Amino acid sequence: GAGGMPSFGRLSFWKNSNYRNIRSTIKRNFERINGDSETNILVVGTLTGGTGSGLCVDIAYLIQDMLPNNVKNLDALFLIPDRGSLKTDISLHENSFSAISALTYYSQTKNKYNVVWPDKTQFNTSAPPYQQCHYLSQDFSNYKASIEDLGELVKVAGMQVLLNIIHTNTPGAYFQASLDARKIDQAGAERLGNQITSG
């Protein structure tokens with residue numbers, strides 16, 4: 001990890017060996033599942049620490065650069081801190097705030113992402129990092145079911161992916177239908193942002 005410091009998390013990405021490892025892992029896994037232009041990609045992480053909050057923008061654009069046919073299918077699920085931690089560990093909230101600010105900035109089409117990767121290739125785009133960022137709060141209405149670690153977040157991400165794969169939310173079309181409706185609204189009217197949150 002980056003010890004709760006987003007700048008260290010982001011810098012770790014730019015170390016040439018880390019960059020090559022990340023790039024080859026994405027390529028290998030996409031090929032292993034026989035990925036194509038219809039493959040949905042979900043980036044899962046936490047914006048409370050340094051690694052996820054430091055890498056959340058760059059990793060999205062690396063995926064876009066590597067898999068340009070999947071930009072329309074690139075979403076994210078990020079964990080944000082609970083309200084109670086504001087008094088005990090404000091750095092969690094500072095990390096989330098800076099990451100969400102960066103994601104919001106690059107989600108505006110007037111702001112371009114221009115980069116020269118560590119392997120000296122260039123990439124630039126005005127596309128948002130993700131088609132939809134879903135922020136998952138650790139707060140729940142009864143304060144007894146908070147997500148305390150990455151393993152719990154992975155379970156929630158797994159549930160979301162499973163709902164997509166086996167369509168368990170039809171005919172009622174509850175969870176995924178709400179997300180899909182949000183995507184349609186934002187694309188059609190450009191009134192709604194590409195960021196949602198739930199607990």
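Predicted model: local features only at pLDDT ≥ 70, side-chain atom pairs only at ≥ 80, totals over all residues.
## Salt bridges

Three salt bridges turn up in a search of the whole structure. One of them joins D58 and R10, whose closest N and O atoms are 2.5 Å apart. D58 belongs to helix 3 (residues 50–66) and R10 to helix 1 (residues 6–14), so this pair ties together parts that are 48 residues apart in sequence. D58 is buried, because its relative accessible area of 1% falls under the 20% limit. R10 has 40% relative accessibility and therefore counts as partly exposed.

Another salt bridge is formed by the side chains of E31 and K27, with an N to O distance of 2.8 Å. Both residues are in helix 2 (residues 16–32), where they sit four residues apart, about one turn of the helix. E31 is partly exposed at a relative accessible area of 48%, and K27 is partly exposed at 46%.

K72 and E38 also form a salt bridge, and their closest N and O atoms are 3.9 Å apart. This pair links distant parts of the chain, 34 residues apart: K72 is in the loop between helix 3 and strand 2, while E38 is in the loop between helix 2 and strand 1 (41–46). K72 counts as partly exposed at 46% relative accessibility. E38, with a relative accessible area of 54%, is exposed, because the value is over 50%.

## Strand 5

Strand 5 spans residues 132–137, and six of its six residues are buried. The cover extends to both faces of the strand.

Strand 5 runs parallel to strand 2 (residues 74–80), and six bridges join the two. Within this pairing, Y135 of strand 5 is the bridge partner of F78.

## N95 in helix 5

N95 is placed in helix 5, which covers residues 90–106. With 6% relative accessibility, N95 counts as buried, because that value is under 20%.

The side chain of N95 reaches the backbone oxygen of T48 at a distance of 3.0 Å. T48 is also among the residues in contact with N95 once neighbours within four places in sequence are left aside.

Definitions and conventions
Residues numbered from 1 in each chain as written. Heavy atoms only, no water. Buried < 20%, exposed > 50% of the residue type's maximum accessible area, 1.4 Å probe, protein only. Polar contact = N/O pair within 3.5 Å; in protein donor to acceptor, adjacent residues only side chain to side chain. Contact = heavy atoms within 4.5 Å. Pairing = 2+ DSSP bridges. Salt bridge = Lys/Arg side-chain N within 4 Å of Asp/Glu carboxyl O.
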